[in-house]
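Open the structure in your viewer and keep the selection tool ready. The tour begins with one side chain and moves on from there.

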Amino acid sequence: MINWIKIENDERSFPEQGRRLLYFFEGTGVWTGFYYGRDEDYPDSNDHVFGSNVGFLTGDVTHYCYIDYPEGEGAELRVGMDKEFFEETKLQINKMKEPIG
């Protein structure tokens with residue numbers, strides 16, 4: 001059974017950055033990816049950014065749950081690879097937000 005966590009205006013409901021999770025948006029369904037924090041420039045109060053290698057959603061995700069790897073079976077390696085992918089992608093996001101010129 002999946003334990004979905006609803007995103008509310010309470011920091012305790014925000015996901016941990018850099019940890020793989022499932023996230024839900026009614027318009028497209030369930031995706032696997034990461035939480036990248038909040039984008040203060042987004043014009044909606046739900047300014048949470050979620051993304052994966054297929055794209056990003058800001059303001060649309062309503063629920064999430066964490067994906068935990070089974071002990072052993074390369075779990076530490078997978079967690080490390082997830083963090084590396086997250087950090088590289090976050091750098092790319094920040095570069096895209098930099099003003100041109």
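Select Val30. Val30 is partly exposed, because its relative accessibility is 45% (buried is under 20% relative accessible area, exposed over 50%, partly exposed in between, with a 1.4 Å probe and protein chains only). Val30 sits in strand S3, residues 29–38 (strands are DSSP runs of E, at least two residues, and helices runs of H or I, at least four, numbered from the N terminus).

A note on the model: it is predicted, so local features need pLDDT of at least 70 and side-chain atom pairs pLDDT 80 or more, while totals for chains, interfaces and linings use all residues. Residues are numbered from 1 along each chain as its sequence is written, and side-chain values use heavy atoms, without hydrogens and water.

Next, the charged pairs. There are three salt bridges (a side-chain nitrogen of Lys or Arg within 4 Å of a carboxyl oxygen of Asp or Glu).

Select Glu16, Arg19 and Asp68. A network of salt bridges links these residues. From Glu16 to Arg19, the closest N and O atoms are 3.7 Å apart. Asp68 meets Arg19 at 2.6 Å, N to O. Asp68 lies in the loop between strand S6 (63–66) and helix H1 (75–97), and Arg19 in the loop between strand S1 (5–6) and strand S2 (21–25), so their pair ties together parts 49 residues apart in sequence.

Now select Asp82 and Arg20. Their salt bridge spans 2.8 Å, N to O. Asp82 is in helix H1 and Arg20 in the loop between S1 and S2, so this pair joins parts 62 residues apart in sequence. Is Asp82 buried or exposed? Asp82 counts as buried, at 6% relative accessibility.
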